[in-house]
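I opened this structure to look up a few things. My notes follow.

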Amino acid sequence: MRYRIVGEPLPVAICDIEPGETIITERGSMSWMSPNIKMETTGNGGLGKMIGRAFSGESMFQNKFTCTGGIGQIAFASSFPGSIRPFEISPGNEIICQKSAFLASDAGVELSVFFQRKLGAGFFGGEGFIMQRLSGYGTALVEIDGYAVEYDLQAGQSMIVDTGYLACMSATCTMDVQANKGLKNMFFGGEGLFNTVVRGPGKVILQSLPAASLARALLPYMPVSSN
């Protein structure tokens, strides 16, 4: 898959694909394409993987776009202001990303659900409880909300992140939650009861504008229905 990403902060990934080449996407991701590309909706892996994708915030079904003659072109626009990041996926180079981050990939990339192993992360981790795992082989395009900031954590290094600001991380990283210390901090500090702790080794990408945080900020300004 050859691609170019243009138009930040409202980016679109424009992909040129060879005859017989297939790209997989989530439902509704395609923005425009050339007429020589054929679409097929599929469960892509059976009932178990379909249910796993649903838990990770994606549709149970995926779309396959295959070029049927000559070089084809297909585009995928971001659903939220931010950026689209490419990742080269291979065994040992898998990534974990936030729910609904997956945009498109080569057919060799597999999308599955990623559950936190620790109960603490499960009950209190918010957006970090259920995430997406990208494995297999190929290029994957992932959406980041707002501006992306990258850190390379060494073994033993960690980063404390407010829930929802973790966009993706290497599969070698681990994640847990910790309570904010002090009752005043917890209940009056405005930072919530818990924070996410990401530990290396591996790459961590944080996002400056989580969609959920923006929605909460806008909620007080939304008109109230009189009905």
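I call a residue buried under 20% relative accessible area, exposed over 50%, and partly exposed in between (1.4 Å probe, protein chains only). This is a predicted model, so I take local features only at pLDDT of at least 70 and side-chain atom pairs only at pLDDT 80 or more, while totals for chains, interfaces and linings use all residues. Residues are numbered from 1 along each chain as its sequence is written, and side-chain values use heavy atoms, without hydrogens and water.

**Salt bridges**

I count a salt bridge when a side-chain nitrogen of Lys or Arg is within 4 Å of a carboxyl oxygen of Asp or Glu. The structure holds 5.

I looked at Glu-18 and Arg-2, whose closest N and O atoms are 3.4 Å apart. Glu-18 sits in the loop between strands E2 (12-17) and E3 (22-26) and Arg-2 in strand E1 (residues 2-6), so the pair ties together parts 16 residues apart in sequence. Strands here are DSSP runs of E, at least two residues; helices are runs of H or I, at least four; both are numbered from the N terminus. Glu-18 is partly exposed at 35%. Arg-2 is partly exposed too, at 44%.

Next I checked Arg-85 and Glu-150, which pair at 2.4 Å, N to O. Arg-85 is in strand E8 (residues 82-89) and Glu-150 in strand E14 (residues 148-153), 65 residues apart. Asp-152 and Lys-203 form another bridge at 3.2 Å. Asp-152 lies in E14 and Lys-203 in strand E19 (residues 202-207), so this pair ties together parts 51 residues apart. Asp-152 is exposed at 53%; Lys-203 is partly exposed at 29%. Which residues are linked in a network of salt bridges? They are Arg-85, Glu-150, Asp-152 and Lys-203.

I then turned to Leu-166 in strand E16 (residues 166-170). Why does Leu-166 count as buried? Its relative accessibility is 9%, and the limit is under 20%. Leu-166 and Gln-98 are 68 residues apart in sequence but 7.2 Å apart in space, C-alpha to C-alpha. Leaving aside neighbours within four places, its contacts (heavy atoms within 4.5 Å) include Gln-98, Met-131 and Val-198.

Asn-36 is in the loop between strands E4 (30-33) and E5 (37-42). Asn-36 is buried at 17%. Not counting residues up to four places away, Asn-36 touches Thr-66, Cys-67, Thr-68, Gly-69, Gly-70, Ile-71 and Gly-72. The backbone oxygen of Gly-70 lies 3.5 Å from a polar atom of the Asn-36 side chain.

Conventions:
Polar contact = N/O pair within 3.5 Å; in protein donor to acceptor, adjacent residues only side chain to side chain.
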